[in-house]
Structure formats: C-alpha cells, structure tokens
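These are my notebook entries on one protein chain. I wrote down what I looked up, step by step, beginning with the sheets.

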Amino acid sequence: MSGSGYPMFRNDGGVPEIRVGVREFECIGASPPQDHPHVYINMCEADTILCLYCATRFRFDARLTPLEADPPGSFFAVDADPR
C-alpha cells in the first residue's frame, strides 16, 4: 500500500472502468514512471466516480476485498524493500 495507508490502483491497460472493493483509495494512473500525481479519491455513497487526471471510472463492487480489483492487475502494491 501507499504511505498514506490507502490502496492504490493503476490503469496500465487503459480500460474505461475498474471495479474496486473499497470506497477510499488512490489512483496513480499508470505504473511508474508513467504515473500521474497520486490522487486520493473518496467515493462516499456513490457507486462510480471518475479520476480527474486520467478519466478512469471506478465502480465500487462489494464482492471484492479492499486489495482486489477487476481487471485483476489494477491493484498497485508498493514494494516495501526496493532491493
């Protein structure tokens, strides 16, 4: 996870929508170094929300855990040990 404690999601495949199992998260756009500024997104009660940087639509899916996404490669895990 990110230093903020929120799950991070990326859209390397350029898909129009990513389903996530959490309502508060960060969107990073694409994997580094092509990422955009990491933005905090809070869906509140909404079922969908757009990232203002990359226009990825995120849809809340209660069947997913906070560390899952569909498509599956969309969850971004920061390596704690860069070696």
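Entry 1: I noted at the outset that the model is predicted. I looked up the order of the strands and found four of them in an open sheet, S4-S3-S1-S8, with mixed pairing. Strand S4 (39-42) and strand S8 (75-76) stand at the edges with a single partner strand each, so one side of each has no neighbour in the sheet.

I then went through the pairs. Strand S1 (residues 8-10) and S8 are joined by two bridges in the antiparallel sense. Phe9 has Phe75 in S8 as its bridge partner. Strand S3 (residues 24-29) runs antiparallel to S4, and four bridges join the two. Here Cys27 has Val39 in S4 as its bridge partner.

Entry 2: the faces of S4. Which residues of S4 lie on the covered face, and which on the uncovered one? I found Val39 and Ile41 on the covered face, with Tyr40 and Asn42 on the uncovered one. I recalled the general rule that side chains in a regular strand alternate between the two faces of the sheet.

Entry 3: Strand S2 (residues 17-20) and S7 run antiparallel, joined by two bridges. I recorded that Val20 stands opposite Ala69 in S7.

Entry 4: two loop residues. I first looked up Ser31, in the loop between S3 and S4. Is Ser31 buried or exposed? Its relative accessibility is 16%, so Ser31 counts as buried, the cut-off for buried being under 20%. The side chain of Ser31 makes a polar contact of 2.7 Å with the side chain of Asp12. With residues up to four places away in sequence left out, Ser31 touches Arg10, Asp12 and Phe76.

I next turned to Asp61, which lies in the loop between strand S6 (57-60) and S7. Asp61 has a relative accessibility of 8% and therefore also counts as buried. Its side chain makes a polar contact with the side chain of Arg63, at 2.9 Å. Neighbours within four places in sequence aside, Asp61 is in contact with Arg19, Val20 and Gly21.

Entry 5: the core. Which residues of the largest nonpolar core touch the most other members? The core has 13 residues, and the ones I was looking for are Phe9, Val20, Phe25, Cys27, Ile41, Cys51 and Phe58. S2, S3 and S4 are the elements that give two or more residues to this core.

Entry 6: the whole chain. I counted zero helices and eight strands. Of the 83 residues, 35% are buried. I also looked up the contacts with a separation of 6 or more, and 46% of them are between residues 24 or more positions apart. The chain exposes about 5000 Å², of which carbon and sulfur atoms supply 55%.

Methods: Residues are numbered from 1 along each chain as its sequence is written. This is a predicted model: local features need pLDDT of at least 70, side-chain atom pairs count only at pLDDT 80 or more; totals for chains, interfaces and linings use all residues. Side-chain values use heavy atoms; hydrogens and water are left out. Two strands pair if DSSP finds at least two bridges between them. Buried means under 20% relative accessible area, exposed over 50%, partly exposed in between (1.4 Å probe, protein chains only). A polar contact is a pair of N or O atoms within 3.5 Å; within protein, one must be able to donate a hydrogen and the other to accept it, and residues adjacent in sequence count only if both atoms are side-chain atoms. Contact means heavy atoms within 4.5 Å. A nonpolar core is a set of buried Ala, Val, Leu, Ile, Met, Phe, Trp, Tyr and Cys residues joined through side-chain atoms within 4.5 Å. Accessible areas come from the Shrake-Rupley method with a 1.4 Å probe; for residues, only the protein chains shown count as cover.
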